[in-house]
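Subject: Structure handover

Hello,

Please find the structure below, with the sequence. My notes on what was found in it follow.

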Amino acid sequence: MNDGSKEDELVCAVDLGGTNLRAANIDRNGCLHERVRNSTPQSDKPEDVVARVAAAVRDCEAQALKRGARIQSVSVVVPGTVHIETGLVVNAPNLRSVQGYKLGPALESALHRPVLLENDANASALGERWQGAARGHHTIICLTLGTGVGGGIILDGKLWRGPDGTAGELGHTTVEPFGGAQCKCGNTGCLEVYASATAIVRLTRESLAQHPNSLLHSINATELTSERICNAAIAGDELALDVFQRAGVYLGIAMANFVNIFNPEMIVIGGGVSAAWEVFAQHARAEVRKRAFPVPAQRCRIERAKCGDDAGLLGAAWLALECGDSSPL
Ligand SMILES: [Zn+2]
């Protein structure tokens with residue numbers, strides 16, 4: 001029988017993405033137990049999102065109760081800027097239904113318990129620091145190369161959110177001021193338009209005509225994905241290698257700036273594009289060596305993330321377990 005000790009307590013962490021909703025019960029050791037997967041409602045009503053998240057939490061809770069465990073708290077990862085104190089989603093380009101909505105209070109009244117919210121890239125940085133590549137480090141930068149490019153900054157063990165919760169938008173660092181591609185943030189030449197999965201596909205399409213022998217001509221244009229381009233690069237395809245080299249150089253330019261600004265112990269690279277890490281890491285590292293000051297460049301390890309899709313869930317759980325990011329790891 002459950003004696004209610006702290007060790008049995010779980011956090012139900014929810015990763016609310018633009019497309020998928022994933023939830024898991026996570027213990028103090030960072031182990032994931034019961035999992036629930038669903039899709040994110042594609043409606044314009046925030047109440048539909050609240051109902052789907054609440055259903056996932058109840059499902060996780062019911063599964064935990066069957067083995068006598070209980071959920072201590074709920075922590076939700078959101079694909080956008082979150083005002084932590086009020087639970088307001090300030091900006092969410094990939095989940096517009098909750099933009100400008102007080103998601104935190106709505107979930108609390110649906111679930112009758114406190115609910116923490118955190119930005120997805122920030123949560124991933126915390127997850128990688130707790131259970132992944134950055135374990136034991138105090139000052140780290142985390143970049144998530146997915147549909148867009150997310151960023152998280154942890155300084156001296158503390159997540160840096162900034163007074164408005166908007167800090168860490170590292171994907172919108174300008175890396176190409178002359179004729180740079182349009183970014184959906186409104187700026188041009190952002191890192192995101194050169195190093196995200198979306199960018200890899202666009203850069204490949206733009207260069208197909210110049211590489212008539214590329215393996216990628218055999219793929220239907222609408223079925224071209226960053227995974228397929230990554231596989232082609234690993235197989236030695238010149239076009240794919242060229243695209244990842246360019247992405248790596250732009251990533252390196254941005255990282256050289258982060259190295260000079262923050263003097264981080266580590267930069268962690270996650271997200272779907274990191275599957276091609278072996279292909280572009282050398283180009284990114286060379287650019288950092290070329291541009292950053294030698295002392296911080298020597299210090300900074302640049303590594304691939306280790307937690308995969310679970311980084312955000314783990315970071316959310318850590319925030320709930322430690323009752324805030326000021327606690328030491
Ligand atoms: Zn941008």
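Two residues are taken to be in contact if their C-beta atoms, placed from the backbone, lie within 7 Å. By that rule, I229, A232 and A233 in helix α6 meet A240, L241, V243 and F244 in helix α7. Sorted by class, this contact of α6 with α7 has seven nonpolar residues, no polar and no charged ones. Please keep in mind that the model is predicted.

Helix α6 covers residues 226–234 and helix α7 covers residues 238–262. Their axes come within 7 Å and cross at roughly 110 degrees. Angles of 65 to 115 degrees count as roughly perpendicular, and α6 and α7 are therefore roughly perpendicular to each other.

Domains

The domain assignment of the protein gives domain 1 as 6–126 + 310–321 and domain 2 as 136–305. Between the C-alpha centres of domain 1 and domain 2 there are 27 Å. Where the domains touch, 13 residues come from domain 1 and 15 residues from domain 2. On the domain 1 side of this contact, β5 (81–83) and α3 (120–131) each supply at least two residues. The largest share of that side, six residues, comes from α3. By class, the side of domain 1 that touches domain 2 has eight nonpolar, four polar and one charged residues.

Nonpolar core

The largest nonpolar core has 103 residues, and V14 and V76 touch the most other members. Helix α7 gives the most to this core, with 13 residues. The core also draws at least three residues from each of domain 1 and domain 2.

What does V14 touch, not counting residues up to four places away in sequence? The list is L21, A23, V53, A56, V57, V76 and V77.

K102

The last item is a single residue. K102 is found in the loop between β6 (88–91) and α2 (103–111). K102 has 16 C-beta neighbours inside 10 Å, so K102 counts as partly exposed.

Leaving out residues up to four places away in sequence, K102 touches T86, G87 and L88. V89 lies 13 residues from K102 along the chain, and the C-alpha atoms of the two are separated by 6.2 Å.

Regards

Technical notes
Residues are numbered from 1 along each chain as its sequence is written. This is a predicted model: local features need pLDDT of at least 70, side-chain atom pairs count only at pLDDT 80 or more; totals for chains, interfaces and linings use all residues. Axes are lines fitted to C-alpha atoms, for helices over the stretch in contact, and angles run from 0 to 180 degrees between N-to-C directions. Helices (H or I, at least four residues) and strands (E, at least two) are DSSP runs, numbered from the N terminus. Angles under 35 degrees count as roughly parallel, over 145 as roughly antiparallel, 65 to 115 as roughly perpendicular and the rest as oblique. Ala, Val, Leu, Ile, Met, Phe, Trp, Tyr, Cys and Pro count as nonpolar, Asp, Glu, Lys and Arg as charged, and the others, Gly among them, as polar. Domain bounds come from an automatic or database domain assignment. A nonpolar core is a set of buried Ala, Val, Leu, Ile, Met, Phe, Trp, Tyr and Cys residues joined through C-beta atoms within 7 Å. A residue is buried if 20 or more other C-beta atoms lie within 10 Å of its own, exposed if 12 or fewer, and partly exposed in between; C-beta atoms are placed from the backbone.
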